[in-house]
Amino acid sequence: QVQLVEPGGGLVQAGGSLRPSCAASGSIFSINRMGWYRQAPGKQRNVVPTISSGGSTNYADSVKSRFTISRDNAKNTVYLQMNSLKPEDTAIYYCNVEDYITSHYLRTYWGQGTQVTVSS
């Protein structure tokens, strides 16, 4: 099993910044894609950005130019630098990790979620 720990959420005013992180530990085989998802009250959980083991990134249109995802492969940690935060960014942010057990079989893990609240 892989455990994910996500410190770094919080309350911030509009225009502010936060930098949550997510560290994976435990029985790790080969982590490929890492990412962040968010879920606002009454809404579906949606992807924010993802990053591959090689560093390729993919961002939701709503956060492009404001958010930056990065990772430290040696520490099995992914970061999300969030700048110019808006009230509509308020949500619970979940870390997601894909761990390849074999080349054809992977397991997906979710963090416990961290609350991000942006006040206007």
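Here is a short chat about a predicted model, covering its ring contacts and a few loop residues.

Colleague: Before we dig in, which pLDDT cut-offs apply in this predicted model?

Modeller: Residues are numbered from 1 along each chain as its sequence is written, and side-chain values use heavy atoms, with hydrogens and water left out. Totals for chains, interfaces and linings use all residues, while local features need pLDDT of at least 70 and side-chain atom pairs count only at pLDDT 80 or more.

Colleague: Okay, what kind of aromatic pair do Tyr37 and Trp110 make?

Modeller: A search of the whole structure turns up 1 aromatic pair. Rings of Phe, Tyr and Trp (its six-membered ring) pair if their centres lie within 6.5 Å, with planes under 30 degrees apart counting as stacked, over 60 as edge-to-face and the rest as tilted. The Tyr37 and Trp110 rings have centres 4.9 Å apart and planes at 70°, so the pair is edge-to-face.

Colleague: How many residues apart in sequence are the parts that this pair ties together?

Modeller: Strands here are DSSP runs of E, at least two residues, numbered from the N terminus. Tyr37 lies in strand β4 and Trp110 in strand β10 (residues 105-110), so the parts tied together are apart in sequence by 73 residues.

Colleague: And is Tyr37 buried or exposed?

Modeller: Buried means under 20% relative accessible area, exposed over 50%, and partly exposed in between (1.4 Å probe, protein chains only). Trp110 is partly exposed, with a relative accessible area of 39%. Tyr37 has 17% relative accessibility, so Tyr37 counts as buried.

Colleague: Which ring does the charged end of Arg45 sit over?

Modeller: A charge sits over a ring if NZ of Lys or CZ of Arg is within 6 Å of the ring centre and within 35 degrees of the ring normal. Arg19 does this with Tyr79, its charged end 4.3 Å from the ring centre. For Arg45, the charged end is 3.6 Å from the centre of the ring of Tyr94.

Colleague: Now the loops: why does Ser84 count as partly exposed?

Modeller: Ser84 lies in the loop between β8 and β9 (91-102), and has a positive phi of about 50° although it is not a glycine. Ser84 counts as partly exposed because its relative accessibility is 40%.

Colleague: Last one: leaving aside neighbours within four places in sequence, which residues is Ala40 in contact with?

Modeller: Ala40 sits in the loop between β4 (31-39) and β5 (46-51). Contact means heavy atoms within 4.5 Å. With those sequence neighbours left aside, the contacts of Ala40 are Thr90 and Ala91.

Definitions and conventions. Helix = DSSP H or I, 4+ residues; strand = E, 2+ residues; numbered from the N terminus.
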